[in-house]
Amino acid sequence: MINLKQLLKDLGDEEYGKFNKKLCPDTKRQILGVRIPEMRKLAKDILKENEWKEVLSSFDDEYFEEIIMQGLIIGYAKCSLEEKIPYIKKFLHKIDSWAVSDTFVPTLKIKENDLAYFLEFIRPYFKSKKEFEVRFAIIVLLDYYITDKYVDKVIEILDEITHEGYYVKMGVAWCLAEIGIKFNEKAMKYLEGENNLDKFTFNKTLQKMIESYRIDDKQKQLLRGMKRK
């Protein structure tokens, strides 16, 4: 088996690691400073000649990048989503940063015919006490479920999230803002009506919509007037 830890160390950049630590203050692991594109390439190269389950078993979770690499290996593994589920469950307990969840989720490449199944899988995580498990589930909604078929369900789920974590609230705001861009009428009806959003999340949602170039100036003015004091 290849020495993955050494490969990551060889790719590390101490100065970038210091910068990354400021962006990901929640992780208690040492950061080597390997950039995401380099890790994506490494994960793909490794999987060309190694069995993915064996690769996963070779990590000891010492470094931040080892956690990200595990998510990439699971995501890029050539097998059914159903086969990956036990490994996803185990991996979620290791997430200790928004960067890990937000890198992992798009790598999963959830297919259309797996969406209903995966939505049921992630449902319990919206009620998790662990901030980054909830963040993971929210980013899944953001990346795969803001569609004609699922948008109403997404709004309903987001409205029921009660976790007080900063990265949860920012994830909810990001997701709602994206709905505001893609399904503006539905988002405005939700935001102008009764909802369970706290002031911080509500105002962050407005801010993210206002910052988007896909929202016109007239509506941005309306959104500014909706800010909660």
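This is a predicted model: local features need pLDDT of at least 70, side-chain atom pairs count only at pLDDT 80 or more; totals for chains, interfaces and linings use all residues.
The phi angle of aspartate 61 is near 65°, a positive value in a residue other than glycine. Most residues other than glycine have a negative phi, which makes such a backbone setting worth a look on the screen. A further case is lysine 109, with a positive phi of about 50° although it is not a glycine. Lysine 109 lies in the loop between α7 (98–108) and α8 (115–122). Its side of the story can be followed from the solvent: lysine 109 is exposed, because its relative accessible area of 61% is over the 50% cut-off.

Helix α5 itself spans residues 64–76. At 1.5 Å a residue, its 13 residues should span 18 Å, and the end C-alpha atoms are 19 Å apart, which agrees. Of the 13 residues of α5, 13 are buried, so this helix is largely enclosed by the rest of the structure.

Turning to helix packing, two packed helices are described by the angle between their axes and the distance between the axes. For helix α1 (residues 4–11) and helix α3 (residues 36–49), the axes come within 11 Å and cross at roughly 150°. This angle is over 145°, so α1 is roughly antiparallel to α3. The crossing of the pair α1 and α3 is right-handed. On the α1 side, the residues that take part are Leu4, Leu7, Leu8 and Leu11, and they meet Glu38, Met39, Leu42 and Ile46 of α3. Sorted by class, the contact of α1 with α3 holds seven nonpolar residues, no polar ones and one charged residue. An α-helix has 3.6 residues a turn, so residues three or four places apart point the same way.

Another pair of helices can be explored through a lysine and a threonine. Lysine 169 belongs to helix α11 (residues 166–182), and threonine 201 to helix α13 (residues 199–211). Lysine 169 has a relative accessible area of 12% and is therefore buried. Threonine 201 is likewise buried, with a relative accessible area of 3%. Apart from neighbours within four places in sequence, lysine 169 is in contact with His163, Glu164, Asp198, Phe200 and Thr201. Seen from threonine 201, with neighbours within four places in sequence again set aside, the contacts are Lys169, Val172 and Ala173.

Note on methods. Residues are numbered from 1 along each chain as its sequence is written. Side-chain values use heavy atoms; hydrogens and water are left out. Axes are lines fitted to C-alpha atoms, for helices over the stretch in contact, and angles run from 0 to 180 degrees between N-to-C directions. Helices (H or I, at least four residues) and strands (E, at least two) are DSSP runs, numbered from the N terminus. Angles under 35 degrees count as roughly parallel, over 145 as roughly antiparallel, 65 to 115 as roughly perpendicular and the rest as oblique. A crossing is left-handed if the near helix is turned anticlockwise from the far one by less than a right angle, and right-handed if clockwise. Contact means heavy atoms within 4.5 Å. Ala, Val, Leu, Ile, Met, Phe, Trp, Tyr, Cys and Pro count as nonpolar, Asp, Glu, Lys and Arg as charged, and the others, Gly among them, as polar. Buried means under 20% relative accessible area, exposed over 50%, partly exposed in between (1.4 Å probe, protein chains only). The expected span of a helix is 1.5 Å times one less than its number of residues.
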